[in-house]
Amino acid sequence: MTEPVPLLDVSDLTVEFSTRRGIVRAVQHVNVKIAKGETVGIVGESGSGKSVTSYAVMRILDRAGRIAEGAVHFTGLDIRAASEDQMRSLRGREMSMIFQNPRAALNPIRKVGHQIEDVLEQHSQADSSAVTDKAIEILDQVRIARPRERYHAYPFELSGGMCQRVVIALALACRPQLLIADEPTTGLDVTTQKTVMDLIVELTKERGMSTILITHDLGLAATYCDRVAVMEKGHVVESAPSRQIFTAPSHAYTRKLMRATPRPGASLRDLLPEDEPGATPAAAVPVATNGKAGAPLLVVEKLVKEYPRKGVAGGFKQIFQRKPAPSRRCSARSTASASPSTAARASASSANPVAASPRPPPW
Ligand SMILES: Nc1ncnc2c1ncn2[C@@H]1O[C@H](COP(=O)(O)OP(=O)(O)OP(=O)(O)O)[C@@H](O)[C@H]1O
Ligand SMILES: [Mg+2]
């Protein structure tokens, strides 16, 4: 009996990058098959080639990169041989991707509602009079509260979790057959991680979609994936149903990854790789504390941050208020480490219309 054609068939894929120091083989002889409706996890340490594999599938590799060997077939179509027009109509409509960093994936100077409309219009999913209603409906589907109001928001006016929902909305707007979710919950707090993952699973299952979930988080892969491929240094070292991977991992690297996952009752010593039994856990090394034992690295006291609502006069004066003056206990190092999130953003906010203005930016 002949096997049904998988939705996605990656076979013997090798991806190379030309760099100043020569050719880098980021992905080597990778095989992954995904059936319709299946959720497959790709796990592995940072730099193992998870994202590059997915960029090759979407044919969105960096200019320096190329598929050197192997083949990628999507619903039987040869991705390497497809024309740019074919790829453009495929991306977004048939296969789409949730990128690692939601804020970077969104256009910072375009309202989120308009960004969803752009995707719908590009793939003629609705006529121009209906796209606004459709975009609001999609924001509602990804559980954005007050979608009609949020349609007009810029990404900087939304929280990280909300930006991630907008990115999901963009990826699912045209009901593609394949969703590639590249670390969709990185940077979100644990509760928001779960809500976002549950949302992805609910929407993809309801539509019979297939999903590739790229993650460092083995717990996430165990919970949500039917099968898991484990990548190490550009190779898939093990690929099996989730249950098998997590109950009886066959490859030493998979066992090492599992050992490195914190779990209740485990000590730092338990997290050490098998081949370094005598090494001292990094976290056991005392942190330098500015010469004084026990002195905190950073002190934040009575910090108040306010956002003006639209139409409230004088709001800008109150955007950021710090009281009292910063404690002298803050060392130069602590001030530097605090700068992106507190003090520096405070001083930059009034000068940076994108960061502070409730109105559309002036360009
Ligand atoms: N444009 C590029 N030029 C040269 N090398 C690259 C380029 N893009 C990626 N690489 C290399 O390819 C390898 C795989 O990168 P990739 O982004 O796929 O890792 P990853 O598994 O997704 O890691 P992470 O979990 O950190 O996202 C890395 O060694 C990376 O340095
Ligand atoms: Mg990556």
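Predicted model: local features only at pLDDT ≥ 70, side-chain atom pairs only at ≥ 80, totals over all residues.

I begin with a pair of helices: the crossing of α4 and α5 is right-handed, a crossing being right-handed if the near helix is turned clockwise from the far one by less than a right angle, and left-handed if anticlockwise. Helices here are DSSP runs of H or I with at least four residues, strands are runs of E with at least two, and both are numbered from the N terminus.

Residues are numbered from 1 along each chain as its sequence is written, and chains are lettered from A and ligands numbered from 1 in the order in which they are written.

Returning to the pair, the axes of α4 (residues 112-122) and α5 (residues 131-141) come within 9 Å and cross at roughly 115°. Axes are lines fitted to C-alpha atoms, for helices over the stretch in contact, and angles run from 0 to 180 degrees between N-to-C directions. The two helices are therefore roughly perpendicular to each other; that term covers 65 to 115 degrees, with under 35 roughly parallel, over 145 roughly antiparallel and the rest oblique. On the α4 side, the contact is made by G113, I116, E117, L120 and E121, and on the α5 side by V131, T132, K134, A135, I136 and I138. Contact means that C-beta atoms, placed from the backbone, lie within 7 Å.

Next, the sheet. In which order do its 6 strands stand? This open sheet reads β6-β7-β8-β3-β9-β10, with mixed pairing, where two strands pair if DSSP finds at least two bridges between them. β6 (95-98) and β10 (235-241) each have a single partner strand, so one side of each is left without a neighbour in the sheet. Neighbouring strands are turned against each other by 15° on average, direction ignored.

At one end of that order, β9 (residues 227-232) and β10 run antiparallel and are joined by 6 bridges. M231 stands opposite V236, and R227 opposite P241. The hairpin of these strands has 2 residues between them, and K233 takes a positive phi near 45°.

Leaving aside neighbours within four places in sequence, A181 is in contact with residues including I98, I200 and L213. A181 and L213 are 32 residues apart in sequence, yet their C-alpha atoms are 5.0 Å apart in space. Helix α7 (residues 160-172) lies across β6 and β7, running at about 170° to β6.

Finally, two further helices. In α1 (residues 50-58), 7 of the 9 residues are buried, among them K50, V52 and V57. The helix is followed by R59, whose phi is positive, near 55°. G219 lies in helix α9 (residues 218-224) and is exposed, with 12 other C-beta atoms within 10 Å.

Definitions and conventions:
Contact = placed C-beta atoms within 7 Å. Buried ≥ 20, exposed ≤ 12 C-beta atoms within 10 Å, placed from the backbone.
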